[in-house]
Amino acid sequence: MQPLAALTGYCSRQDSAAPLAVVRAIVGLDIALCAADCWFIVRQFYQPDRLRVPFDWGGTLPLPEALAVPFVAVLAGLGLLLAVGIATRPVGLLASVMMFYFLLMDQQTYSNHLYLLAIEAGLIGLAWLGPVGPAGQLRVARWPVTLLKVQISVVYFFAAVSKLTPAFLSGSVLAEVWASDGLVRVPADWQTPAVLQSAAWATVATELFLAFALWSRRWRGVAAVLGPAFHLGTLLLVPAPLALGVMIFAIATLAPYGLFFVDDSPAADSASAAPTAAAAANPSPASPTHDAATDS
Amino acid sequence: MSVSTDSPPASPRSWRHTVSALALVGILLAQIVPPTVQLLKPKPQRFGWQMFSAFNPIPRYELIMPDGQIVPVDLHQHVGAWRNEADYARYLPAHLQRVYPQARGIRVRWPDRPEVEVIPCNPSPP
């Protein structure tokens, strides 16, 4: 099969919406939480004598002060709509556009959690097909869901590779992080060079492992335990002012984990295609026409 | 633990699937290329997933007033949201000159450098 034909064939594939509906609900709530974080930034941003820091291309995106709070309120509302599954496609795409706009307002409005949520909301919006076929089952396109999974691996992979520097591996960065008051304080006596260096190497190893293990049938169970533990550890140890952002980021990163457990192999496809085709051809009131998702 | 999924019977290739295929490739490139490029720059960078990869030191700024008095600057008064990736050092001196037009100069003390940088200002007449 030619590559383009294989690719277009892959892009025609659909799956049940139920697994993505769970992700959609978590991401939606996380966007609402992120809107609160944006509100904290906005509150500081428009104070007199505050610095705007243009991007490298020399610009900032405008957002009049009068529109700032409504902007954040609308974003929170879109997050809640996404969480409950109302008009998922337009809501997801609009929330994504708004988050990208906020992200690019200037250097200070960037955050990794906002960036990740903007990508996730956009991919959820692209994936969501709504009721499909005579049976009206909620379906999602498979390719954006795959990209959502890829995104999680990309995050872990580059987080790990960017830490492969003498500065990080020496433990000096972790020493800076641990020096500030977090939810849990690492006792000063424990912050020896050996401990700091071991923790630095363990961080990189964990992130690299998570980047690949989630795709492995054998290792994804371990990853599903290690990932949340890793994010929880990070949350407890970061300086308190960063905790909200780290929590939003952790939720956004962990939300799609369940998608890795959905078997979308060709074997699973062929095994289940026949019953699905039969159900579509012969819809019955007794057969489930809606998944756990509530989208219209 | 595995949850089986299903696909509909093979559907004819359509323009919609071709657009989807192009979108898939485009988004995949957008996911991978920017963080790869950012790896080549000093850390941390935006759009690179470089969380906690490095800590940039924050300099201390002091204003040199017309009478020679040195007044430390509280950066929290001037920075809306602290970002480790943001290039504050490039924009803060000009900003401080705008906010404190009477200052004769700005002293910059980096925590990791022994020397003190002095940026002269042209104080505006009272």
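Two strands count as paired if DSSP finds at least two bridges between them. Strands (E, at least two residues) and helices (H or I, at least four) are DSSP runs, numbered from the N terminus. With that in hand, here is a look around this structure.

This is a predicted model, in which local features need pLDDT of at least 70 and side-chain atom pairs count only at pLDDT 80 or more, while totals for chains, interfaces and linings use all residues. Residues are numbered from 1 along each chain as its sequence is written, chains are lettered from A and ligands numbered from 1 in the order in which they are written, and side-chain values use heavy atoms, leaving out hydrogens and water.

**The sheet of chain B**

L63(B) has I106(B) in β4(B) as its bridge partner. Five bridges link β2 (residues 60-64) with β4 (residues 105-109) of chain B, and these two strands run antiparallel. They belong to an open, antiparallel sheet of four strands in chain B, ordered β3-β2-β4-β5. Its edges are β3 (70-72) and β5 (116-120) of chain B, each pairing on one side only. On average, neighbouring strands are turned by 25° against each other, direction ignored. Helix α2 (residues 88-99) of chain B lies across β2, β4 and β5 of chain B, at about 25° to β2(B). Such angles run from 0 to 180 degrees between N-to-C directions, with axes fitted to C-alpha atoms, for helices over the stretch in contact; contact means heavy atoms within 4.5 Å.

**Two helices of chain A**

α10 (residues 220-237) and α11 (residues 243-254) of chain A pack at about 170°, with their axes 9 Å apart. Because angles over 145 degrees count as roughly antiparallel, α10(A) is roughly antiparallel to α11(A). Among the residues that meet are H231(A) in α10(A) and F249(A) in α11(A).

**A cavity**

The structure holds one cavity of 30 Å³ or more. A cavity is a set of points on a 1 Å grid over the protein atoms alone where a 1.4 Å probe fits but cannot get out; lining residues have an atom within 4 Å of a point. The largest cavity has a volume of about 130 Å³. Of its 13 lining residues, those closest to the centre include D15(A) and V262(A). α6(A) gives the most to the lining, with four residues.

The table sorts residues by class: Ala, Val, Leu, Ile, Met, Phe, Trp, Tyr, Cys and Pro are nonpolar, Asp, Glu, Lys and Arg charged, and the others, Gly among them, polar.

| Contact of α10(A) with α11(A) | eight residues | four residues | no residues |

Notes
1 Å grid on protein atoms, 1.4 Å probe; cavity = no way out; pocket = protein on both sides within 12 Å on 5 of 7 lines; lining within 4 Å. Points joined across faces, edges and corners; volume = space filled by probe spheres on them. Parallel < 35°, antiparallel > 145°, perpendicular 65-115°, else oblique.
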